[in-house]
Amino acid sequence: MFRYDLGDGAELRILQRYHAPELLAYVSANRTYLGRWLGWAEDMRTLDDAETFIARGLTRLAEDDLPWVGIWQDGHLVGGLLFFPVVRQVKSTEIGYWLSEAATGKGLMTRAARAMLGYAFEKLGLNKVGLQAEVENTPSRAVADRLGFTFEGVHRDAWTNGARLIDLAEYSLLAREWQARRAEEG
């Protein structure tokens, strides 16, 4: 079983079908906070919904070797990260992440995303990882900045969250930038 120790009682685990009840309970308990930024958090209402979400992640793992992971803190699910399909011609993907409100502000998402970016760049040899965050989602955008992503601009009315159109801040990180940053960190 895949586990990646983030330190301080936190770890990453690949989301598996048996995590569906725990994922559903987590989303249900954090729906208001998560739903502000993630439409799927509003839509996940049943065990079948959670199982379908996890199945998409397992498909991503089988097709692109990119795991969808949960973040556990002291044995409790507090967030997760996922990847979108790889665009093979340019060796790129996009990362997404979420965290419960109680787990924010402690550097946990930055550590978790750094680990997964290392996997994407160093193990899979990808060239580019993109990231999109709602313009008003300052915590998510701050993670992108801390990780060294380059802000590329705003896509206006680019997506929906519920019935409202939202603007998305677009970021990217290239393998050469990742490598330079890692070398600086020593």
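The largest nonpolar core of this predicted model has 58 residues. Such a core is a set of buried Ala, Val, Leu, Ile, Met, Phe, Trp, Tyr and Cys residues joined through side-chain atoms within 4.5 Å. Buried means under 20% relative accessible area, exposed over 50%, partly exposed in between (1.4 Å probe, protein chains only). Leu-12, Leu-23, Ile-71, Leu-81, Ile-95, Leu-117 and Phe-149 have the most contacts inside the core. Helix H4 (residues 108–123) gives the most to it, nine residues. Helices are DSSP runs of H or I, at least four residues, numbered from the N terminus.

Leu-23 is in contact (heavy atoms within 4.5 Å) with Met-44, Ala-50, Phe-53, Ile-54 and Leu-77, leaving aside neighbours within four places in sequence.

Ala-55 sits in helix H3 (residues 47–64). Its relative accessible area is 23%, so Ala-55 counts as partly exposed.

One cavity of 30 Å³ or more turns up in the whole structure. A cavity is a set of points on a 1 Å grid over the protein atoms alone where a 1.4 Å probe fits but cannot get out; lining residues have an atom within 4 Å of a point. Volume is the space filled by probe spheres set on the points, which are joined across faces, edges and corners.

| Largest cavity | Value |
|---|---|
| Volume | About 40 Å³ |
| Lining from helix H6 (residues 175–185), the largest share | four residues |

The lining includes Arg-114, Trp-178 and Glu-185.

Residues are numbered from 1 along each chain as its sequence is written. Local features need pLDDT of at least 70, side-chain atom pairs count only at pLDDT 80 or more, totals for chains, interfaces and linings use all residues, and side-chain values use heavy atoms, without hydrogens and water.

Methods. Helices (H or I, at least four residues) and strands (E, at least two) are DSSP runs, numbered from the N terminus. On a 1 Å grid over the protein atoms alone, a cavity is a set of points where a 1.4 Å probe fits but cannot get out, and a pocket is an open set with protein on both sides within 12 Å along at least five of seven lines; lining residues have an atom within 4 Å of a point.
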